[in-house]
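Please look over the sequence and the model below before reading on. The paragraphs that follow lead from one pair of side chains to the chain as a whole.

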Amino acid sequence: MKKLSILVGLIIAFVFSTNAQTPTAVQFEKGASEKTLTITVKAGGTNKYSVSVKKEQVINFGVEGDINVSKATEFPVISINLDNGVEKVDNWQDGEGYLSILAGKNGKYIVSVSNSDKKRTRTFKLKVKVTNDKGDFAGGEEVDQ
């Protein structure tokens with residue numbers, strides 16, 4: 001009975017570990033602070049990306065290409081969302097085709113890029129830029145920390 005419990009536990013752990021998507025780390029070329037990736041997101045799917053930054057750096061994400069407005073809504077089918085932002089520590093602003101983050105701590109920021117179109121896979125450009133200039137934050141004034 002004990003062996004069966006261990007086996008069931010291992011199977012459950014394996015299932016959960018394969019369902020959890022590990023983010024793709026965005027790596028910049030030496031001396032660069034900007035990168036453009038060509039990505040494909042399956043119909044109804046989500047891709048995750050991570051960027052490591054220092055406190056008070058700004059991360060800007062933008063999408064271009066096949067992000068067309070769906071026939072059912074007036075919004076683009078591709079969205080970008082911050083997964084691990086902390087209220088009153090980090091500041092972020094998102095909108096149609098962009099996400100801007102003012103980092104409130106050193107560390108890895110994880111972002112989801114989702115395709116709400118349930119019928120079509122989308123391929124497009126994802127631009128990622130990291131700067132030390134708080135003026136690049138698209139969200140306006142930072143909150144008190």
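Is Lys48 buried, partly exposed or exposed? With a relative accessible area of 22%, Lys48 is partly exposed, where buried means under 20% relative accessible area, exposed means over 50%, and partly exposed lies in between, for a 1.4 Å probe and protein chains only. The model in which this value was computed is a predicted one, in which local features need pLDDT of at least 70 and side-chain atom pairs count only at pLDDT 80 or more, while totals for chains, interfaces and linings use all residues. Residues are numbered from 1 along each chain as its sequence is written, and side-chain values use heavy atoms, with hydrogens and water left out.

Side chains of opposite charge can pair when their charged atoms come close. Lys48 forms a salt bridge with Asp83, and their closest N and O atoms are 2.5 Å apart; the term stands for a side-chain nitrogen of Lys or Arg within 4 Å of a carboxyl oxygen of Asp or Glu. This pair links distant parts of the chain, since Lys48 belongs to strand E3 (residues 46-53) and Asp83 to the loop between E5 and strand E6 (91-95), 35 residues apart. Asp83 is also partly exposed, with a relative accessible area of 37%.

By this rule the count comes to five salt bridges. One of them joins the side chains of Glu56 and Lys134, at 3.7 Å from N to O, and it links the loop between E3 and strand E4 (58-65), where Glu56 is found, with the segment after strand E9 (122-131), where Lys134 is found, 78 residues apart. Glu56 counts as partly exposed at 40% relative accessibility, and Lys134 counts as partly exposed at 34%. The side chains of Lys127 and Glu64 meet in a salt bridge as well, at 3.5 Å from N to O. Because Lys127 lies in strand E9 and Glu64 in strand E4, this pair ties together parts that are 63 residues apart in sequence.

The elements named so far belong to a chain with one helix and nine strands, which are DSSP runs numbered from the N terminus, helices being H or I with at least four residues and strands being E with at least two. From the N terminus on, their order is α-β-β-β-β-β-β-β-β-β.

In E5 the covered face holds Ile78, Ile80 and Leu82, whereas Ser79 and Asn81 make up the uncovered one. Five bridges join E5 to strand E8 (residues 107-115), and the two run antiparallel; strands are said to pair if DSSP finds at least two bridges between them. Within this pairing, Leu82 stands opposite Val111 in E8.

Buried residues make up 33% of the 145 residues in the chain. Leaving aside its neighbours within four places in sequence, Leu126 is in contact (heavy atoms within 4.5 Å) with residues including Leu37, Tyr49, Phe61, Ile80 and Val113.
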